[in-house]
Amino acid sequence: MSNVVDSKLRQVWTEVLSDIKSSIGDDAFKTWITKLDIISIDDGSLKIAAPSNFIRDNVLARYSDMIIKTVNSYGCSVRSIGIDVYDNNNVTINENHDNNDAQKIKDCNDISILDKRFTFKNFVVGKPNEFAYAAALRVAESESPSFNPLFLYGGVGLGKTHLMHAIAWYIHHNYPNKRVIYISAEKFMYLFIKSLRFKNAMSFKEMFRAVDVLMIDDVQFIGGKDTTQEEFFHTFNELVDNNRQIILSADKSPSDLDGVEDRLKSRLGWGLVADIHPTTYELRLGILQSKVKQFRVSIPDKVLEFLAVKITSNIRELEGALNRIVAHSTLVGRSITLDVAHEVLKDILRSNERLVTIDIIQKKVCEYYGVKLSDLNSSRRHKAVATARQIAMYLCKNLTTKSLPEIGKSFGGKDHSTVIHSVKKVKELVDTDRTFCADLEILTKSLEN
Ligand code: ADP
Ligand code: MG
């Protein structure tokens with residue numbers, strides 16, 4: 001199958017998964033469906049890959065009708081499903097309740113659980129994530145541990161897992177002899193508790209102590225689980241003492257983690273703590289442009305700009321929106337216009353709807369800079385007023401869907417070229433003036449909440 005067909009099929013599959021998730025709920029989806037992958041549709045037969053026999057059998061028994069129906073609702077004509085099992089040695093999945101996990105992890109090819117798309121090359125760098133990116137790259141490149149641990153934190157869907165996988169891929173390609181384990185904190189706890197139950201806690205310890213690089217994703221899940229924390233703490237100390245690299249991610253900084261002992265919190269912050277900030281309009285647009293290139297489809301800039309303005313929650317959702325538009329247009333064969341985007345994304349747009357208006361932006365900016373609204377809307381060129389006006393215009397352009405002439409008009413009847421000039425000026429200042437950049441970030445955040 002060519003790449004083009006592949007990526008189209010994948011878009012359809014993404015849609016199908018999201019539909020199934022809505023109808024069966026998060027828990028069932030997580031247990032049965034989320035790890036399935038589409039392989040092909042050929043002559044009325046849909047081929048899927050599942051991570052274990054257990055999942056395959058259950059999916060066939062419970063969900064095959066639903067999957068066929070949903071796939072067909074996207075214009076396919078599938079009559080049967082075949083499921084291949086792609087991996088029985090996966091760290092993240094193990095339904096056979098044997099006590100052989102340590103051996104499994106030792107034997108496993110860790111690469112199988114990494115997402116192929118999550119590489120440094122595919123990571124779009126912008127102001128909000130440049131520090132985390134640089135830190136991740138440095139850790140990946142270093143022959144021996146550089147910052148230990150590297151602690152990446154930030155909100156949902158902002159690229160933490162992507163960066164961790166990117167580190168693992170990098171090491172896989174450049175240091176093939178290094179042993180890397182990437183595991184979710186949930187799985188870490190699960191394996192630990194299981195090892196206690198089967199009284200083979202020793203081998204649990206050994207399997208983690210035999211690695212060069214240990215990555216644990218979403219460590220906020222360790223909060224409150226005392227014995228696991230204790231074990232984690234010991235494993236952690238031993239690995240660091242033995243000069244092994246540890247990389248952790250969480251949705252909060254070490255000191256803000258709930259239910260985590262103080263000594264562990266402080267230990268987690270010893271290396272390098274790098275946070276990923278909420279996205280900016282520029283980063284969102286950059287990511288969309290890069291994905292469009294990967295898909296090899298053509299989407300008007302206007303539509304991408306529209307998505308970057310409207311979908312601000314996180315990058316996962318932004319990608320989802322783009323996938324949906326592309327899937328829709330490939331299947332229906334319509335070219336992608338703003339109207340199509342509006343129609344296809346109705347529900348996503350509604351949940352991302354912000355009530356930011358030009359009035360609110362002007363009011364916030366005036367408060368922030370201690371400037372009067374009448375001055376903002378006048379032609380005064382006093383520096384503080386001019387800066388506030390430029391920032392306000394920039395925010396109106398990025399956070400509302402008002403056109404440039406409309407924005408100009410709301411600032412005491414100015415011309416659209418004044419707005420363009422302001423936006424340009426703000427972009428320049430963001431690159432050269434740190435204080436200005438921080439002001440802009442604070443204002444944006446306060447408006448987006
Ligand atoms: P998190 O682990 O922080 O919740 P993920 O790493 O799973 O988020 O990212 C969510 C989605 O957004 C993934 O598909 C990822 O590839 C994509 N993504 C996040 N940041 C970037 C980026 N800077 N460039 C390209 N894609 C990104
Ligand atoms: Mg993640």
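This is a working chat about the predicted model of one protein.

User: How many helices and strands are in the protein?

Analyst: This predicted model has 21 helices and eight strands.

User: And how compact is the protein for its length?

Analyst: The radius of gyration is 25 Å, close to the 22 Å that the globule rule gives for 449 residues, so the protein is as compact as a globular protein of that length. Taken along the principal axes, the C-alpha atoms fill a box of roughly 75 × 60 × 35 Å.

User: What share of the residues is buried?

Analyst: Of the 449 residues, 49% are buried. The accessible surface comes to about 21,900 Å², and carbon and sulfur atoms account for 50% of that surface.

User: What about contacts between residues 24 or more positions apart, what share do they make up?

Analyst: Among contacts with a separation of 6 or more, 73% are between residues 24 or more positions apart.

User: Charges next. How far apart are the mean positions of the positive and negative ones?

Analyst: They are 4 Å apart, with 60 positive and 57 negative charges in the protein.

User: How many salt bridges does the count come to?

Analyst: The count comes to 13 salt bridges. One of them joins the side chains of K127 and D431, at 3.7 Å from N to O. That pair links distant parts of the chain, 304 residues apart. K127 is in the loop between helix 4 (101–107) and helix 5 (130–141), while D431 is in helix 20 (residues 416–432).

User: Are K127 and D431 buried or exposed?

Analyst: K127 is partly exposed, with a relative accessible area of 38%. D431 has 60% relative accessibility, so D431 counts as exposed.

User: Which residue does E230 form a salt bridge with?

Analyst: E230 pairs with R263, and their closest N and O atoms are 3.0 Å apart. E230 counts as partly exposed at 30% relative accessibility, and R263 counts as partly exposed at 36%.

User: What do the side chains of K252 and D258 do?

Analyst: They meet in a salt bridge, 3.7 Å from N to O. K252 is partly exposed at a relative accessible area of 27%, whereas D258 counts as exposed at 53% relative accessibility. There is also a network: E15, R324 and D347 are joined by salt bridges that share partners.

User: Switching to the backbone. Which residues does a cis peptide bond join?

Analyst: The cis peptide bond joins N148 and P149, with omega at about -5°. P149 lies in the loop between helix 5 and strand 4 (150–154).

User: And what is phi of D43?

Analyst: Phi of D43 is near 50°, a positive value in a residue other than glycine. D43 is in the loop between strand 1 (37–42) and strand 2 (45–50). D43 counts as exposed, at 70% relative accessibility.

User: What about phi of D218?

Analyst: D218 has a positive phi of about 60°, although D218 is not a glycine. D218 sits in the loop between strand 6 (213–217) and helix 9. With 23% relative accessibility, D218 counts as partly exposed.

User: Where is E143?

Analyst: E143 lies in the loop between helix 5 and strand 4. E143 counts as exposed at 64% relative accessibility. Leaving aside neighbours within four places in sequence, E143 is in contact with Y175 and K178.

User: How far apart are the C-alpha atoms of E143 and I336?

Analyst: They are separated by 47 Å. Along the chain, E143 and I336 are 193 residues apart.

User: Last one. Where is Q390 found, and why does Q390 count as buried?

Analyst: Q390 is found in helix 18 (residues 383–399). Its relative accessibility is 14%, and buried means under 20%, so Q390 counts as buried.

User: Which residues is Q390 in contact with, leaving aside neighbours within four places in sequence?

Analyst: Q390 is in contact with H421, S422, K425 and V426.

Technical notes: Residues are numbered from 1 along each chain as its sequence is written. Chains are lettered from A and ligands numbered from 1 in the order in which they are written. This is a predicted model: local features need pLDDT of at least 70, side-chain atom pairs count only at pLDDT 80 or more; totals for chains, interfaces and linings use all residues. Side-chain values use heavy atoms; hydrogens and water are left out. Helices (H or I, at least four residues) and strands (E, at least two) are DSSP runs, numbered from the N terminus. The radius of gyration is taken over C-alpha atoms; the globule rule is 2.2 Å times the number of residues to the power 0.38. Buried means under 20% relative accessible area, exposed over 50%, partly exposed in between (1.4 Å probe, protein chains only). Contact means heavy atoms within 4.5 Å. Accessible areas come from the Shrake-Rupley method with a 1.4 Å probe; for residues, only the protein chains shown count as cover. Lys and Arg count as positive and Asp and Glu as negative; His and the chain ends are not counted. The place of a charge is taken as NZ of Lys, CZ of Arg, CG of Asp or CD of Glu. A salt bridge is a side-chain nitrogen of Lys or Arg within 4 Å of a carboxyl oxygen of Asp or Glu.
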